[in-house]
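Dear colleague,

I am handing over the structure we discussed, and my notes on it follow directly below.

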2 protein chains.
Amino acid sequence: MTPRRPVRSYHHGDLKTALKKAALELVREKGPRGFSLNEASRRAGVTVAAPYRHFDDKEALLAEIICDGNAILEEETRRAANGARTITQKMLEAGVAYLRFAAEHADYFSVMFHSGIDKSKYPSVQLSATRAFDVILGLAQQKEATEKLARERAVSAWALAHGLATLRSEGALSETADQEADLQHLKPILRRFLDQPYQ
Amino acid sequence: MTPRRPVRSYHHGDLKTALKKAALELVREKGPRGFSLNEASRRAGVTVAAPYRHFDDKEALLAEIICDGNAILEEETRRAANGARTITQKMLEAGVAYLRFAAEHADYFSVMFHSGIDKSKYPSVQLSATRAFDVILGLAQQKEATEKLARERAVSAWALAHGLATLRSEGALSETADQEADLQHLKPILRRFLDQPYQ
DNA sequence: AGCATGATGTATGCGATATTAACATGCGGC
DNA sequence: GCCGCATGTTAATATCGCATACATCATGCT
């Protein structure tokens, strides 16, 4: 009669990761506000006290997720840029990668920008964000003459991509079933923006 | 301003408005997550049950605030556009007005975009958002030949402004004490974007 | 094998919130 | 002046969440 379970060990093994996954799952289901440590613990098959061995508190978990998200974003924009030849094309592909990230990792994106946590309290978060931004900034520096212009170019490209991604995630932009096609449809917008000679 | 009674009377007079103000105040102090119906009631000097005479539930209050915010945004971008002569200048000023709105009404902006409410459940919210967007769209239609191009132009301008505003509100853009100066500093970015011939 | 240590469970305190039901009040129309 | 109806209050319910102290388990090191 005893429920025969496949030897669930007392020690979870990788609870930290499991909790982060559960949190993202919750965000996907119930939106950025739908996350709670308790529910995440339950889903990870663990009591509500266990998470505290791995995270200082609820916010700390979110902060780590944001770091992870920034790392993925950095990685993906960098790879996209590497696949192109000219600087302008690199920036274009990086922008597309940003939009793709926002769509494919909507859960991360949601936590990163809509979880309402005070990022300034977490240096690690700021560091990861800076690193992600540096991908674009690095490209802009190769494109522009002065540091000031490069920074301005990078900021505006970043902002455009971020704005498009946000509008998209809110359903303000008409979307079809084909994500990739929609993405390619937005490309011209980025291209026109980047093609223009700067100053 | 608000009809406030010196003597604490049983009936508040304009509780609906008072609650919305209190909510915005809370958001200003504690961020978009820091709002609760209970605390707002307290600040309005009323018990926690009173709000239900004016709003279906917590979300409904937020939804109304979003409508209000969209109305203000619409009004301010429209006025800014009216103050300029050429279409391009009108769009530029509208963009600056967007950024100014995000800075000066950071509380509204926060609720509008970071409160995590499902806007699709509130037609009134969507209507107000559409009306605000129509200001830009209307300008773009005068600037571009086809409807398709106009829409694209409007979307990208909107996205750029929104992205800049968001980055700004997160402290990603260096800011000085002088809000207005910072704003003028961002103008070139918008201008370069708008000056470019489209297609 | 035995022990130190870290990972998890148990029990519990505390606080907060949203929401509803039933009762009270007083403003404004008649 | 009176009474209805909107507006508030009292009171109660149902959750839920965070956090902590302490016991228990299992793993890996020696």
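His114(A) lies in helix α5 of chain A, where helices (H or I, at least four residues) are DSSP runs numbered from the N terminus. This is a predicted model, in which local features need pLDDT of at least 70 and side-chain atom pairs count only at pLDDT 80 or more, whereas totals for chains, interfaces and linings use all residues. Residues are numbered from 1 along each chain as its sequence is written, chains are lettered from A and ligands numbered from 1 in the order in which they are written, and side-chain values use heavy atoms, with hydrogens and water left out.

His114(A) counts as buried because its relative accessibility is 12%, the cut-off for buried being under 20% relative accessible area (1.4 Å probe, protein chains only). Leaving aside residues up to four places away in sequence, His114(A) touches Pro32(A), Phe109(A), Arg33(B), Phe113(B) and His114(B), contact meaning heavy atoms within 4.5 Å. Its side chain makes a polar contact with the side chain of His114(B) at 3.4 Å, and a polar atom of the His114(A) side chain lies 3.5 Å from the backbone oxygen of Phe113(B). Here a polar contact is a pair of N or O atoms within 3.5 Å, of which, within protein, one must be able to donate a hydrogen and the other to accept it, and residues adjacent in sequence count only if both atoms are side-chain atoms.

As for the helix around this residue, eight of the nine residues of α5(A) (106-114) are buried, and these buried residues pack against α1, α3, α4 and α7 of chain A together with α5 of chain B. Just after α5(A), Gly116(A) takes a positive phi of about 75°.

Turning to the interface, chain B and chain A bury about 2,600 Å² between them, 58% of it on carbon and sulfur atoms; this is the accessible area (1.4 Å probe) that two parts lose on being put together, summed over both. The contact takes 29 residues from each of chain B and chain A. Four salt bridges are found across it, a salt bridge being a side-chain nitrogen of Lys or Arg within 4 Å of a carboxyl oxygen of Asp or Glu, and one of them joins Glu170(A) and Lys119(B) (3.1 Å, N to O). The elements that give two or more residues to the side of chain B that touches chain A are α5, α7 and α8 of chain B, and α7(B) gives the most, with 12 residues.

With best regards

Conventions. Buried means under 20% relative accessible area, exposed over 50%, partly exposed in between (1.4 Å probe, protein chains only).
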